[in-house]
Amino acid sequence: MARKGMMGHFFSSKSSSSSISHGSSPSRASLYAPTSRFSSDVAMERTLATAEAMITKWNPDISSFAKVTSLFYENRREARDFIKCVNDLQKSMHFLVMEGSSSEKLVRSQNLMETAMKRLQKEFYQILSMNRAHLDPESVSARSSRDSTRSSTSDDDEDDGSEDEIRIAGESITEVENVSTIAMEDLRSIAECMISSGYGKECVTIYKIIRKSIVDEGIYKLGVEKFSSSQIHKMDWDALELKINNWLKSLKIAVKTLFNGERILCDHVFAASESIKESCFTEISREGAQILFGFPEIVARNGKKSPEKIFRTLDMYTAISSHWQEIESIFSFKSTSVVLSQSVNSLIKLGESVRTMMAEFESAIQKDASKSAITGGGVHHLTVHVMDYVSLLADYSNVLVDILDGYPPPAKSSSPESYFDSSDSDESPVPSISLRFAWLILVLLCKLDGKSKHYKDVSLAYLFLANNLQHVINKVRTSNVQYLLGDGWVTKHESKVKQFAANYERLGRGK
């Protein structure tokens, strides 16, 4: 009746007749509004009815079947329909709020939404808990690696007669990958649904608790421990070296598998929200990562600085620097920058320790007080020790370039010019690392020159110098030291060996 009266009102006015004839009356929209609203109400009711049927079916408080059965495990197609119903319900609720519709429908929708969220919360927890083996960081990171390399695998790999073994292994890997992929996709769909419905906090809380326990357990299994400065200071070298060796093994696994896999999983599940993604990964990984990357700094600050400890220190420096790109990529969030800062601090302190130990080694050469002449002008034990040390040190030349960069070079004026290769110039300066190695050998040669004075027979003194310098050259030639010093250094010192040998022969004949 209201609709009929409204239409009668429009047609009773004379002034409106011309408007109607031109088809421009503003009342035309009003004529269709009730029909449009009716259609919306019907669609709304249909959405609520569909959602109510689906959500009620999987309400554990009502259905004993829903209480003991997993929706996503039982029927993944229905699980997708459940997610769709919840998303449609959420859209309807927005529409109801905007339209200012009756509170009865809003209350009904809200109750359904809370029931649905409890169900999804339970499913999210179950998927995370039941798939620990398929969602562990190793499986996730390995799956990612295989995805990137599988396309480059050659068919020729299967022509060695073990096609069946490869096929069975491949099927096993594929099965694990499929379970992992399904679980990751289900977690993502639930997370996106809960976040968009305003229940992100509940979802995130579950994720953080379960995944942090996995990361913490991984750190524990790797044997990574949190030490105080006093504990490291009191530890004898054998015990500390065992801890360092374990840390070196653990770092590679932690970076490539544990933290990398966790970052991949977190990025996937919370792809819809950068802030949630960052919050989750930070809370899950930061504590363990700081313990891992803080260990070298504590060792560098409080460990013994004797020269023989330098190689384990260089191993730790190498471990961090060689994985730096991966570390930087994994901990790229602003809130995980503290992990990067810790890693940098460890590198700085390790570098300082290396420079201190090299200075101690140089000092030890200069302080060698042995005065007994080697029988027959043979090779001195100091020469053997120093050159073994220097040749091992040269194996770390890649990281020593960084450590010695900017480190003040030795003063040439402090030693005999004849022993120093002064081929460098302002136009082509010699790298710090090359100067430092040349200097260490120079300190040895100067010390040997002094020890040659212990020979009463001058000819034996020259033989001693020739034999020891030849040993130095041989160690340089057969190690990475040659690449640091260059062929010019070797040629120059070979000519000195010939001079020493010639003097020995000349004096020996005269005798």
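Figure 1. The structure shown is a predicted model. The buried positions of H17 are Leu382, Thr383, Val386, Met387, Tyr389, Val390, Ser391, Leu393 and Ala394. With 14 residues at 1.5 Å a residue, H17 should span 20 Å, and the separation of 20 Å between its end C-alpha atoms agrees with this.

**Figure 2. Packing of helix H14 against helix H17.** Two packed helices are described by the angle between their axes and by the distance between those axes. For H14 (residues 310-322) and H17 (residues 381-394), the angle is about 0° and the axes lie 11 Å apart. Because angles under 35 degrees count as roughly parallel, H14 is classed as roughly parallel to H17. On the H14 side, the contact is formed by Ile310, Phe311 and Leu314, and on the H17 side by Tyr389, Leu392 and Leu393. Sorted by class, the contact of H14 with H17 comprises 6 nonpolar residues, no polar residues and no charged residues.

**Figure 3. The protein chain as a whole.** The chain contains 22 helices and 0 strands. Of its 511 residues, 42% are buried. Among contacts between residues at least 6 apart in sequence, 81% join residues that are at least 24 apart.

Figure 4. Side chains of opposite charge can pair when their charged atoms come close. The side chains of arginine 119 and glutamate 123 form a salt bridge, with an N to O distance of 2.7 Å. These two residues, arginine 119 and glutamate 123, are 4 residues apart in H7 (residues 103-130), which places about one helical turn between them. Arginine 119 and glutamate 123 are both buried.

Figure 5. Glutamate 352 is partly exposed at 34% relative accessibility, and lysine 349 is partly exposed with a relative accessible area of 22%. Elsewhere, salt bridges that share partners join Arg132, Glu217 and Lys221 into one network. The total comes to 26 salt bridges.

**Figure 6. Helix H10 and glycine 218.** H10 has 22 residues, and the distance from its first C-alpha to its last is 31 Å, close to the 32 Å expected at 1.5 Å a residue. The buried residues of this helix include Cys203, Val204, Ile206, Tyr207, Ile210, Ile214, Val215 and Ile219, together with the charged residues Lys208 and Arg211. Glycine 218 also lies in H10. Its relative accessibility is 15%, so glycine 218 counts as buried. The C-alpha atoms of glycine 218 and isoleucine 253 are 9.8 Å apart, although 35 residues separate the two along the chain. Just after H10, glycine 223 adopts a positive phi of about 80°.

**Figure 7. Asparagine 131 in the loop between helices H7 and H8.** Asparagine 131 is located in the loop that lies between H7 and H8 (137-149). With 15% relative accessibility, asparagine 131 counts as buried, because the cut-off is under 20%. Leaving aside residues up to four places away in sequence, asparagine 131 touches Gln126, Val179 and Ala183. From asparagine 131 to methionine 184, the C-alpha to C-alpha distance is 9.7 Å, and the two residues are 53 residues apart in sequence.

Definitions and conventions:
Residues are numbered from 1 along each chain as its sequence is written. This is a predicted model: local features need pLDDT of at least 70, side-chain atom pairs count only at pLDDT 80 or more; totals for chains, interfaces and linings use all residues. Side-chain values use heavy atoms; hydrogens and water are left out. Axes are lines fitted to C-alpha atoms, for helices over the stretch in contact, and angles run from 0 to 180 degrees between N-to-C directions. Angles under 35 degrees count as roughly parallel, over 145 as roughly antiparallel, 65 to 115 as roughly perpendicular and the rest as oblique. Contact means heavy atoms within 4.5 Å. A salt bridge is a side-chain nitrogen of Lys or Arg within 4 Å of a carboxyl oxygen of Asp or Glu. Buried means under 20% relative accessible area, exposed over 50%, partly exposed in between (1.4 Å probe, protein chains only). The expected span of a helix is 1.5 Å times one less than its number of residues.
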